[in-house]
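Let's take a walk through a protein together. Have the sequence and the 3D view ready, and we will go one step at a time.

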Amino acid sequence: MDQSLINKEVLLLECCLCGHRVCNRGMRAILLADSKVHLFSADRLPINAVQLVGDDYSTGKCYCRIRDIACSICGNIVGYHVTMPCKSCLESCNNGHFWIYLAQAVRSFARLNDEGYDMTWEELANPDKISPVNESPHSFVMCGR
């Protein structure tokens, strides 16, 4: 895991409309194509948290292919999934997360470890130290850059 990420706080994300938990492994992030845009990102999803909706599209800021994700309870668009990252974004310094949440569509809360303190990404890298959560087996490895 990238050393700059190990002490970052792990966040829980909830849909701002219905309160459904849409992420157990969130991280504060910025958009690579526009550093003024603040987002949240995740490397994997909780089971039944969100649904992919619509077709893939590009934003015009890069050549990534993305698809919107919606809360599985109320249908609110909470972000997007990078279905095919472009070469430029893959070569940029990134955290390896391809599930992106819009700051205005979710509420964030600190995820607590078993001792009741804010959990860090270093703790997530060592699964023996944390209690299991209901997460999808579809995950992505963190970028080692």
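In what order do the elements of the protein chain run from the N terminus on? They run β-β-β-β-β-β-β-α-β-β-α-β. That comes to 2 helices and 10 strands, where helices (H or I, at least four residues) and strands (E, at least two) are DSSP runs, numbered from the N terminus.

A word on what you see: this is a predicted model, in which local features need pLDDT of at least 70, side-chain atom pairs count only at pLDDT 80 or more, and totals for chains, interfaces and linings use all residues. Residues are numbered from 1 along each chain as its sequence is written, and side-chain values use heavy atoms, leaving out hydrogens and water.

Now look inside. Of the chain's 145 residues, 42% count as buried, meaning under 20% relative accessible area with a 1.4 Å probe, protein chains only. In soluble globular proteins, nonpolar side chains tend to be buried together.

Leaving aside neighbours within four places in sequence, Val106 is in contact (heavy atoms within 4.5 Å) with Leu13, Glu14, Cys16, Val22, Phe40, Val78 and Tyr101.

Note on methods: Buried < 20%, exposed > 50% of the residue type's maximum accessible area, 1.4 Å probe, protein only.
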